[in-house]
Amino acid sequence: MLSDIRIVLVSTSHTGNIGSAARAMKTMGLSSLYLVDPVSPPDGKSSALAAGAGDVLANAITVNTLEEAVSDCGLVVGTSARSRTLPWPMLTPRECGQKLVVEAEKYPVALVFGRENNGLSNEELQQCHFHVCIPANPDYSSLNIAAAVQTLCYEIRVNHLDIKASQHAASAVAEYPLSEDLERFYVHLEKTLKEVDFIVPNHPGMVMTKLRRLFNRARPEVQELNILRGILASIDKNNPNKEMLSKEMATKENGSTK
C-alpha cells in the first residue's frame, strides 16, 4: 500500500533537503520519491543527510515537470501554507493521510511539496485535487521541506497502521462456544466441585451462580473452554474422593451379590 504513495519535491534548491526528505520518508515506511526539475541533482550532501535512507535517494526518479510526476496518479495533494486568490478544497494533515492511504489501494497517489522559498505556484497547485496545510504556530509557521515531509508522512503511517489493525481484527474474529456447550461446562464444573467438596450438596449457596456470572463476563472462546474442560477432566481423574467413592460402591455391590 505505501509503495504506491509517492512524495514529489518540486524544484528543490538545496540538495541536503532532498536527502533529509528521503530519510523522513524511510522512517515512516515510504520509498517512492520523485524530483521535479531540482536546481541541483542529489549529491554527496544529499547522501550524508539521507543517512540510512540511501536506497530511497538512489531510486528517486527525476522528471522535468509536475505533470510528468503525477500523470499516472488518481489522487494528487499539494502542500500549501499560503491563502490563494481562488479557494481550493482543503484537507487537514490527518484527513490527507487517510485519503492517500485509502486511495493508494486503487492507484498511485502523490503528495507534492514546493520550493523552499515560495512553495508551489498557482499553476502547480491547480494540478492537485486537494491542498493540505500543516497548522503550525501562526507566529512562526516556517517549516523546512524535510520537517513538512516528516509531519505528513507520519499522518500517512498512522492511518496505514490503523487500517492494518482493523483488517487484522476483522480476520481474527474469535470463535465462541454455543450456549449448549457452556451449559455442559457448567454441569461438569458443578459436578467436579461437589466431588472435591468445594460445594457442599446440602448447602450449595450462590457458588455456581457467581461462577456463571464470572465466566459469562469473561466469555471464554472455544479453545479456552476446551482447556477448562480438560482441567476438570484431569481433576476428575486424579480425585482421591472419587476413587474412595468408587471403592465403596464396588464393596456394596459385591456384598449384595453374596
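In this predicted model, helix H8, spanning residues 179-195, packs against helix H10, spanning residues 222-237, at an angle of about 25°, and the two axes lie 10 Å apart. Because angles under 35 degrees count as roughly parallel, that angle makes H8 roughly parallel to H10. The points below take up this helix pair and then the nonpolar cores.

**Packing of H8 with H10**

- The crossing in which H8 passes H10 is left-handed.
- On the H8 side the contact is made by Asp181, Leu182, Arg184, Phe185, His188, Leu189, Thr192 and Glu195, which meet Leu225, Leu228, Arg229, Leu232, Ala233, Ile235 and Asp236 of H10.
- By residue class, this contact of H8 with H10 comprises 8 nonpolar, 2 polar and 5 charged residues.

**Nonpolar cores**

- The largest nonpolar core contains 35 residues, and the members with the most contacts inside it are Ile7, Leu9, Leu30, Leu33, Leu111 and Val149.
- At least two residues of this core are supplied by each of strands E1 (5-10), E2 (32-36), E4 (75-79) and E6 (109-113), and likewise by each of helices H1 (15-27), H3 (54-58), H5 (93-103) and H7 (145-171).
- Helix H7 gives this core its largest share, namely 6 residues.

**Surroundings of Leu33**

- When neighbours within four places in sequence are left aside, Leu33 is in contact with Ile7, Leu9, Ile18, Ala22, Met25, Val56, Asn59, Ala60 and Ile61.
- Two of these partners, Ile7 and Leu9, are listed together with Leu33 among the residues with the most contacts inside the largest core.

Note on methods. Residues are numbered from 1 along each chain as its sequence is written. This is a predicted model: local features need pLDDT of at least 70, side-chain atom pairs count only at pLDDT 80 or more; totals for chains, interfaces and linings use all residues. Side-chain values use heavy atoms; hydrogens and water are left out. Axes are lines fitted to C-alpha atoms, for helices over the stretch in contact, and angles run from 0 to 180 degrees between N-to-C directions. Helices (H or I, at least four residues) and strands (E, at least two) are DSSP runs, numbered from the N terminus. Angles under 35 degrees count as roughly parallel, over 145 as roughly antiparallel, 65 to 115 as roughly perpendicular and the rest as oblique. A crossing is left-handed if the near helix is turned anticlockwise from the far one by less than a right angle, and right-handed if clockwise. Contact means heavy atoms within 4.5 Å. Ala, Val, Leu, Ile, Met, Phe, Trp, Tyr, Cys and Pro count as nonpolar, Asp, Glu, Lys and Arg as charged, and the others, Gly among them, as polar. A nonpolar core is a set of buried Ala, Val, Leu, Ile, Met, Phe, Trp, Tyr and Cys residues joined through side-chain atoms within 4.5 Å. Buried means under 20% relative accessible area, exposed over 50%, partly exposed in between (1.4 Å probe, protein chains only).
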